[in-house]
Amino acid sequence: MEYNLADLFESVVDVVPDREALVYLDHPGTGAERRLTYRQLDTAANRLAHHLIDAGLKPGEHLGLHLYNGVEYLQTVLAALKARLVPVNVNYRYVEEELAYLYQDADLAALVFDTEFSPRVTGALTQAQKLRHLIRVGPAEEGAAPVGTVAFAEAEAAGSPGRGFGPRSGDDLFIIYTGGTTGLPKGVMWRQEDLFFAGLFGGDPAGEPVERPEELAERVAKGGAGLTFFPAPPLMHGTSTLTSFVAFDYGQRVVIHRKYVPEEVLRTIEKEKVTSVSLVGDAMLRPLIDALHGPLRGTDLSSLFSVSSSGAIMSQTVRDQLQELIPGALILNNFGSSESGSNGKATDDSGPEKGFRLEVNDRTRVVDPVTHEMVAVGEPGRLAQRGHVPLGYYNDPVKTAETFFQRGSERWVLLGDMATVDEDGIVTVLGRGSQCINTGGEKVYPEEVEQALKSHPDVYDALVAGVPDATWGSHVAAVVQVRDGAARPTLEAIQTHCRTRLAGYKVPRQLVIAPAIQRSPSGKADYRWARSVASEADAGEGSGAALT
């Protein structure tokens, strides 16, 4: 047995077959739900895996998942792993042109998709030369699905319920596509053994990683049930899928919703006695806080042991509000990426005054992006991680060479985040290097300004971008969503507030009030949108009436 995700899952199934593994709750108010034990989920994945093999798909070929959350999503990931196919996540927000690029770039041989995406799938197929097997989830819509598409229920029914698969390897691949808001999406290629240790904590986020693959099931057999993990963001983002597999490695239960509806999330936490819920940043957390202050006031959240955020920074303001509402829960501001897995978590004093400060793991360092040497205390560099890191970007040797490097016997990945490190080894994240604003020769990182903006009582959400400026090269522009019922803040009021938390050159010189801040379904920032909105507003104001 190797550190192969399908082998590890099956080893857990064999020791707790009748334990509940997966709960799917539809909403709002339909009452529809599905509950599967570990044995039932394993059997369902076996059936689909055998169908894929019978359809002629070979080990190493790529299978796309163009799906909302559902049993079918995790079942398909497991089926792909069992059949030694490579699962590839597809962003369901993509339009036809973006889908065509991803289908082709990822060399998809098979695709499982929700029926409502049929028109976009049909349009994108013309550029996906290798895509030859399609499976549709949901009822057919006449004339919508491409010719030859197989219904998911039929595919599942046709496959054998037993295992009977050949040997697998820790070298088998798992690809996570990332990007799309700051550039073209890129497929991060993980060996499953590396992903198990870097993204799944070696089987134990709270303790020591296993030393043998067999040890995972041994630990599960000795432990009990009682934990319920609730990944609230879309499974198409790596964070939620990996959270589900962390739960499976524990032999515990996973709860999922089709889509994120804050009120339904809170009702489910109460109903299912959820112990750990994961979200992405302020965009997902603020609506929960609003609901707890309003229509869902008094919801019983006493079962919660932890609320974690990763993929986008949780502001100190939101963290404080959440802690007040759920005093018994740990509020975890985690930090990681598709290229690194987990890097660490925010310190208790992380916030607008001291910056976004991290306690990093022993595999994470701050290095010079050119020499790859460790930077001195206080000197800016790039975050990097060693050891269990991806092999590179699929179909992109140039970007792979820029991002991954060898140092001695260890492989490293150079992350996009600029940072410094202090005498105690605490890392302060400055922000994404690609989003850095150069204004009058000074560097400003949007995340730092956003933290300050979100601490303003009238600001609900905010993004910061650089806008071309004849005098400064670029100026700092704030795109702000105002809290419901709050007064519309002026640029002067925003500047006064920020000057108590930021150096003068970081203070926004332009303010744009937007009806809502555009983010991905998981809450990640869309900086291209913010830059476009701010630039259009600046052009409309002629000589810069909103500037100081």
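Predicted model: local features only at pLDDT ≥ 70, side-chain atom pairs only at ≥ 80, totals over all residues.

Trainee: Great. Is helix α1 enclosed or open, and why?

Mentor: Helix α1 (residues 5–15) is largely enclosed by the rest of the structure, because nine of its eleven residues are buried. Helices are DSSP runs of H or I of at least four residues, strands are E runs of at least two, and both are numbered from the N terminus. Buried means under 20% relative accessible area, exposed over 50%, and partly exposed in between, with a 1.4 Å probe and protein chains only.

Trainee: And what covers the buried residues of α1?

Mentor: The cover includes α2, α3 (71–82), β8 (173–178), α7 (192–198), α8 (214–222) and α9 (238–250).

Trainee: What caps the N-terminal end of α1?

Mentor: That's Asn 4, which has a side-chain oxygen 2.9 Å from the backbone nitrogen of Ala 6.

Trainee: Switching to Asn 46: buried or exposed?

Mentor: Asn 46 is buried, at 2% relative accessibility. You'll find Asn 46 in helix α2 (residues 38–54).

Trainee: Which side chain has a polar contact with that of Asn 46?

Mentor: The side chain of Lys 82, at 2.7 Å. A polar contact is a pair of N or O atoms within 3.5 Å; within protein, one must be able to donate a hydrogen and the other to accept it, and residues adjacent in sequence count only if both atoms are side-chain atoms.

Trainee: New topic: how many disulfides?

Mentor: Zero, counting pairs of cysteine sulfur atoms within 2.5 Å. For Cys 436, the nearest cysteine sulfur is that of Cys 498, 17 Å away. Cys 436 is partly exposed at 24% relative accessible area, whereas Cys 498 is buried at 0%.

Trainee: Last one, how many aromatic pairs?

Mentor: There are 14. Rings of Phe, Tyr and Trp (its six-membered ring) pair if their centres lie within 6.5 Å; planes under 30 degrees apart count as stacked, over 60 as edge-to-face and the rest as tilted. One of the pairs is Tyr 92 with Phe 117, stacked at 6.2 Å centre to centre with 10° between the planes. That pair ties together parts that are 25 residues apart in sequence.

Key: Residues numbered from 1 in each chain as written. Heavy atoms only, no water. Contact = heavy atoms within 4.5 Å.
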